[in-house]
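Here's a quick briefing on one model, grouped by topic. Have a look at the fold and the ligand site first, then read on.

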Amino acid sequence: MPAVRVKKSNAEEAKRILKRVGIYDGKRRPRREEENVLLPITDPEKAKNLGFEVVDIELPFRPERQIYKNLESILKDKFTKEELNFLRRYDVIGDIAVIQIPPEIEHREKEIVEALLKVHPFLKVIAKKGFHRGAFRIRDYSIIWGEKRLTTVHKENGVKIKVDLSRAFFNPRMKGERYRLAQLVRDGERVLLMFAGILPYALVIARYKNAKITAVELNEDAVKLGIENIQLNRDKLKGSIEIIKGNVFDVVPKLGTFDRVISPTPKGVDALRLALEKAEKWVHYYDFVHESKIEDFKERIISQCRELRKECKVKIKKVSDYKPHVFKVCADIELL
Ligand SMILES: C[S@@+](CC[C@H](N)C(=O)[O-])C[C@H]1O[C@@H](n2cnc3c(N)ncnc32)[C@H](O)[C@@H]1O
């Protein structure tokens, strides 16, 4: 069976390319060899054309994947379409699944837990998620199955992230955004990361680029996890990360300027002007915007740039749904 042999340090990137061209074989498990990783593929010719070293090797199938592809395939005859729509939006963070269960079907929790365990047999905790609260954006969770903990190590984009859902914010759905930004950063850049949390953006950027990152975060528990996360990944990071514990609005004005400023802004906070002031070339500013107000948001950015005597080009990208007609967006702002 065909596989490609890649250096361990390139494995994440290679897997992404293979998935993008549709030839990664998710039904089989990759295998580590000393310095290399063997990634299963479906089309050796295509892989060769992409410049990969192709080998013929037996890689074992993932039995669970063959039988239970997803939650919907197990629950489709038992729940309504609307209920399934809700249930399928769960997240897996390390070995913890977090799921929202509407009150009407709370009494059927056991069936849902059983289905989740069939799809993800490695889970150790299943938690029901409540709402975000406070400035630190921590959610309420109640554990409905498994070990009584909300700590785990999550892997994404080639980094390990220690998470404690009871103490600090973490959103696995921003994985693609983190990768996107890491690709935009150039080696040698000075990057300011405001509202840095447990450092997922900083780690992914430093994993891929030799950037000098300054991260600012107010939640002491998030800062402690951030320091642990730097340690956890120290062998893999090309860049450096300095973490400052403090309020963005006190700390950042005292800092100099940066090539790039990233603001994963908490909901309801306005840090746009500060981000624009501190950036020399690029700002990536996240906010929550009603679809009818996206042009207004763009205009607000342009006018704040003008007030700071800066010209800019703005592109707004919808990142995820937040609630009906309201999106989490990222404004990619180039200062000219
Ligand atoms: C939406 S979360 C983003 C966290 C992180 N960047 C991530 O993507 O996981 C916002 C973060 O900002 C922190 N925060 C809120 N207000 C702050 C402030 N005034 N100064 C510094 N950090 C703040 C919260 O504790 C939280 O970790």
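Helices (H or I, at least four residues) and strands (E, at least two) are DSSP runs here, numbered from the N terminus, and two strands pair if DSSP finds at least two bridges between them. Keep in mind that this is a predicted model, with local features needing pLDDT of at least 70, side-chain atom pairs counting only at pLDDT 80 or more, and totals for chains, interfaces and linings using all residues. Residues are numbered from 1 along each chain as its sequence is written, and side-chain values use heavy atoms, with hydrogens and water left out.

**The four-stranded sheet**
- Four strands make an open sheet with mixed pairing, in the order E5-E6-E7-E8.
- At the edges sit E5 (91–93) and E8 (138–146), each pairing on one side only.
- Neighbours in this sheet are turned by 30° against each other on average, direction ignored (axes are lines fitted to C-alpha atoms, for helices over the stretch in contact, and angles run from 0 to 180 degrees between N-to-C directions).
- Strand E7 (residues 125–133) pairs with E8 in the antiparallel sense, over seven bridges.
- Valine 125 has glycine 146 in E8 as its bridge partner.

**The annotated domain**
- Residues 90–336 carry the UniProt feature "domain: SAM-dependent methyltransferase TRM5/TYW2-type", from an unreviewed entry; UniProt positions use the numbering used here, feature names are shortened, and annotations may be inferred rather than shown by experiment.
- That span, 90–336, is 28% helix and 38% strand, and its end C-alpha atoms lie 41 Å apart.

**The ligand site**
- There are 17 residues around the ligand, and Ala135, Phe195, Glu217, Asn247 and Val248 come nearest (near means that a heavy atom of the residue lies within 4 Å).
- The shell splits into 11 nonpolar, four polar and two charged residues, where Ala, Val, Leu, Ile, Met, Phe, Trp, Tyr, Cys and Pro count as nonpolar, Asp, Glu, Lys and Arg as charged, and the others, Gly among them, as polar.
- A ligand oxygen atom is 2.6 Å from a side-chain N or O atom of glutamate 217.
- Polar backbone atoms get involved too: one of phenylalanine 195 is 2.8 Å from a ligand nitrogen atom, and one of leucine 218 is 3.2 Å from a ligand nitrogen atom.
- On its own the ligand has 590 Å² of accessible area, and the protein covers 95% of that (Shrake-Rupley method, 1.4 Å probe).

**The E16–E17 hairpin**
- Strands E16 (residues 312–323) and E17 (residues 326–335) run antiparallel, joined by 10 bridges.
- Serine 320 stands opposite lysine 328 in E17.
- Two residues lie between the strands of this hairpin, and histidine 325 takes a positive phi near 70°.

Definitions and conventions. A polar contact is a pair of N or O atoms within 3.5 Å; within protein, one must be able to donate a hydrogen and the other to accept it, and residues adjacent in sequence count only if both atoms are side-chain atoms.
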